[in-house]
Amino acid sequence: MPNESPANADRFDVIVIGGGPAGYPAAIRAAQNGLRVACIDEWKNRDGSPAFGGTCLNAGCIPSKALLESSELYYRTQHEFAAHGIRISAATVDVAQMQKRKSTIVRGMTQGILALFKGAGVTPLQGHGQLHGGKRVEFTGHDGARRSLAAQHVVLASGSAPIELRTAAFRAPHIVDSWGALDFPAVPRRLGVIGAGVIGLELGSVWRRLGAEVVVLEALPDFLAFADQQLAKEALRHLKKQGLDIRLGAKVSAATVRGEEVDVTYSDGRAEQRLTVDRLVVAVGRRPYTQDLLAGDSGVDLDERGFISVDEHCRTTAAEVWAIGDCVRGPMLAHKGKEEGVMVADRIAGRFGEINYQVIPSVIYTAPEIAWVGLTEEQIKASGRAYKSGIFPFAASGRARAMEQAQGFAKILAAKDDDQILGVHIVGPLAGELIAEAVLAMEYSASSEDLQRTIHAHPTLAEALHEAALNVDKRAIDTLNR
Ligand code: FAD
Ligand code: AMP
């Protein structure tokens, strides 16, 4: 680097505050676009070590998937292997090793971000960032040292934090948030989960498969109320079969730690009910996190729910200040934040950048997996648009049967008039991988006929989408056309 005055060293084209899956891709793309970039992140892990990657890599997507994979393997030894003709006399669970493996994966991934920054030329700054007027950023390092930085553009990517219930305040190790539930050192005998959302179901599944008795309390009367209800019903049936005790219409009103137990009180609409568990996970959603992010003169407005207000291109109310990821409106998903980061970095560089918010996939990594993109059948009905529906059950898939995982279905909803695919809903093996084809199809405004005429390898799980598309016009080959 050429000799620079300290003033120049503190001046950037782009400063990104937040190094999670929204912020770090924004920083990398901005650097790829030839800009001088710094990325500030304050995350510290439980051992006090700073790490890039935010919630997703340190306490969300990645550690949860590591434990889901380990627990799923154990579950399969118990429930699937015998059908394959494999007898295992004594499979046992070593939670310490599972946790060690999880931590190694997390460490590798978060250190990978530093390597990516180095390769792209992004300056990593570990500590707190606060935006002031005039796009000045006050940086306080973890060692307490302060620097005043300036940028042409600032990207806010401060993420989200778990919502705490007043009626069930966090009290580790008994009443914990999702991060706490990813770090249990042993399998709780009785586990309560408040909230049957994505996170509650995934964490409940992990500990259920490892042997815990799991009760999930959900205030709403419908399971996965935001999903296609045919999909939700099928998923509920399978999750219940695995022993997850999911109680709908159960609103928690109190949780009290008593010795080593937690007493939970909830109303089921008729009467007050009680439940005693050893550990309680509160998974009732997340809220935008903007603590100490904005100085009074920053010019950045929040909306009434605490999200940073942005337009469709993630511009805030302050000129040349952008905001992306969980701290702005839209689904709280890592891939949504990543694409917003890339869009913003490209727009800053004067390039094209758009997000198609209608085509963002959702995945729940239970077994079977649950995945969808586009509109639900309920939403299409409500819109009044005439539609056609095609379903293919995995029971008719040779590959799913060979895998001993012939559960669930793929469902495609297409417009009656022009046959455009409006929504795809899959519950079944590797649904989270299969949905990618549907996302691509919808991104290209494909019709069900486009999928019908696309050759799918045999025997694959992906054939379920092909056959569901054929079933839209009642021309499926491998299932009855109903
Ligand atoms: P975050 O990941 O929260 O990152 C924000 C970063 O900014 C943090 O490191 C924070 O410390 C830092 N920061 C905040 N303020 C400042 C400041 N002022 N100065 C410096 N640094 C600051 N999503 C999926 O898509 N798929 C999944 O499978 C999935 N699984 C999940 C499982 C769990 C248990 C949880 C909790 C979440 C899961 N999510 C999943 C959601 C996903 O983690 C979030 O959508 C994603 O992390 C949001 O990215 P982000 O960059 O906006 O925010
Ligand atoms: P998500 O926002 O997808 O993580 O889901 C959180 C879930 O928690 C939602 O389905 C809420 O209905 C549910 N929830 C919120 N508060 C309570 C409560 N007091 N008791 C039971 N469930 C709750």
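Okay, a definition before anything else: when I say helix, I mean a DSSP run of H or I with at least four residues, and the numbering starts from the N terminus. With that in hand, S178 sits in helix 7, which covers residues 178-182. And keep in mind that this is a predicted model.

Is S178 buried or exposed? The relative accessibility comes out at 10%, and buried means under 20%, so S178 counts as buried. What does S178 touch, once we leave aside its neighbours within four places in sequence? The contacts are I199, L203, V281, V282 and R286.

T55 has a side-chain N or O atom 2.7 Å from an oxygen atom of ligand 1. For P21 the backbone is involved: one of its N or O atoms lies 3.3 Å from a ligand 1 oxygen. Then there's H335, with a side-chain N or O atom 3.4 Å from an oxygen of ligand 1.

Last topic, the aromatics. How many aromatic pairs are there? The count is 4, and I'll show you two of them.

One is F52 with F117. Their ring centres are 5.2 Å apart and the planes make an angle of 80 degrees, so this pair is edge-to-face. F52 is in the loop between strand 2 and helix 3, while F117 is in helix 6 (residues 95-120), so the pair ties together parts 65 residues apart in sequence. Both F52 and F117 are buried.

The other is F184 with W207, and this pair is tilted, with 5.4 Å from centre to centre and 55 degrees between the planes. F184 belongs to the loop between helix 7 and strand 8 (190-194), and W207 to helix 8 (residues 198-209), so here the pair ties together parts 23 residues apart in sequence. Again, F184 and W207 are both buried.

That's it from me.

Methods:
Residues are numbered from 1 along each chain as its sequence is written. Chains are lettered from A and ligands numbered from 1 in the order in which they are written. This is a predicted model: local features need pLDDT of at least 70, side-chain atom pairs count only at pLDDT 80 or more; totals for chains, interfaces and linings use all residues. Side-chain values use heavy atoms; hydrogens and water are left out. A polar contact is a pair of N or O atoms within 3.5 Å; within protein, one must be able to donate a hydrogen and the other to accept it, and residues adjacent in sequence count only if both atoms are side-chain atoms. Helices (H or I, at least four residues) and strands (E, at least two) are DSSP runs, numbered from the N terminus. Buried means under 20% relative accessible area, exposed over 50%, partly exposed in between (1.4 Å probe, protein chains only). Contact means heavy atoms within 4.5 Å. Rings of Phe, Tyr and Trp (its six-membered ring) pair if their centres lie within 6.5 Å; planes under 30 degrees apart count as stacked, over 60 as edge-to-face and the rest as tilted.
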